[in-house]
Amino acid sequence: MSKSLFYQLYSATVFVPHFDKHSDKADKQSDNSHIVKSLAAKKALNEFSHDFAGFIRSEYHIKRVADITPVMCQRFIDTKLESGVSSETARTYRSYLAKLEKCVLRAYGARVDYSVTIDESKVQNTDTIKQYSFTKEEMERILDAPRPSASLNALKFAYATGVRVNTLERLEVRHIDFQKGEILVFKDKGSRSRVLPMDEQTAKLLRECIKGKNPQDKVFGVKKDSVNKYLRRRCEKLHITTPDGRTKSGTHSIRKLWAEEHCKAHGKGATLKALGHGEQRSDLCAAYLSSKK
């Protein structure tokens with residue numbers, strides 16, 4: 001197992017297309033719980049594996065999946081809770097870890113333990129918080145930080161473009177075309193790539209961020225959890241709260257504000273398309289364009 005952590009997890013994953021789930025349930029003797037049974041589930045698990053492997057490598061410098069301990073897995077979950085994920089999302093992450101545990105055993109014969117618990121006391125009321133977006137005035141206060149940082153630059157880019165938090169972590173120098181004034185969002189949600197226009201102010205920000213970097217280097221060089229933590233700290237310091245006194249947080253709230261402002265200028269269809277959704281997804285209008293403040 002000399003390959004990267006992500007490669008080890010990816011290689012251990014068993015995907016069986018057209019898997020007959022009904023026959024599998026009827027066969028009480030079979031144990032196919034390690035098998036990934038749909039393309040969507042495979043993509044979701046691979047995205048989680050990439051995020052999980054990056055965290056473990058960064059925090060613990062572990063090189064083998066067999067060396068990952070329950071303490072490390074628990075720290076990963078706790079960090080996610082601190083960054084504002086919901087209890088439902090945390091439970092999904094727990095199920096992914098359980099699946100990877102079985103995959104690693106099958107692939108490498110390593111009896112690992114990736115079990116975690118979800119401390120409900122650490123779960124923020126994000127199911128309701130997600131209904132809120134920032135106001136323009138709140139966003140300006142957040143970005144008016146006294147000291148520059150990679151997370152601050154990432155937030156400025158998020159407000160300028162409305163991209164998802166994953167893009168803030170994954171965007172590479174080679175994805176920026178200053179000559180055409182375009183930014184490639186490579187393999188966004190659903191593994192779909194798209195191109196965004198880039199105005200002069202955003203180009204100026206990106207030129208500062210990529211000074212001295214190579215084409216395959218990350219533009220911001222920061223993890224998405226770090227960006228969300230930074231945002232929450234800024235909101236706490238500035239007392240940016242919901243009407244009932246809870247601290248606003250989450251880069252998705254920035255995405256909602258961007259969508260509201262873009263919609264005023266370009267209309268609903270163009271805004272949904274710019275967000276990376278289909279123009280006919282009217283069900284998303286309420287989620288993005290009618291947020292609480």
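Rings of Phe, Tyr and Trp (its six-membered ring) are taken as a pair if their centres lie within 6.5 Å, with planes under 30 degrees apart called stacked, over 60 edge-to-face and the rest tilted. By this rule, ten aromatic pairs turn up. The model is a predicted one, in which local features need pLDDT of at least 70 and side-chain atom pairs count only at pLDDT 80 or more, while totals for chains, interfaces and linings use all residues. Residues are numbered from 1 along each chain as its sequence is written, and side-chain values use heavy atoms, with hydrogens and water left out.

Take Phe48 and Tyr96: their ring centres are 5.1 Å apart and the planes meet at 50°, so this pair is tilted. The two residues lie 48 apart in the chain, Phe48 in helix 3 (residues 39-60) and Tyr96 in helix 5 (residues 87-108); helices here are DSSP runs of H or I, at least four residues, numbered from the N terminus. Phe48 is buried, at 4% relative accessible area, whereas Tyr96, at 21%, is partly exposed (buried is under 20%, exposed over 50%, partly exposed in between, with a 1.4 Å probe and protein chains only).

Phe52 and Phe76 make an edge-to-face pair, with 5.1 Å between centres and 80° between planes. This one also links distant parts of the chain, from Phe52 in helix 3 to Phe76 in helix 4 (residues 70-82), 24 residues apart. Both of these Phe residues are buried. Phe48, Phe52, Phe76 and Tyr96 belong to one aromatic cluster, together with Phe55, Tyr93 and Tyr114.
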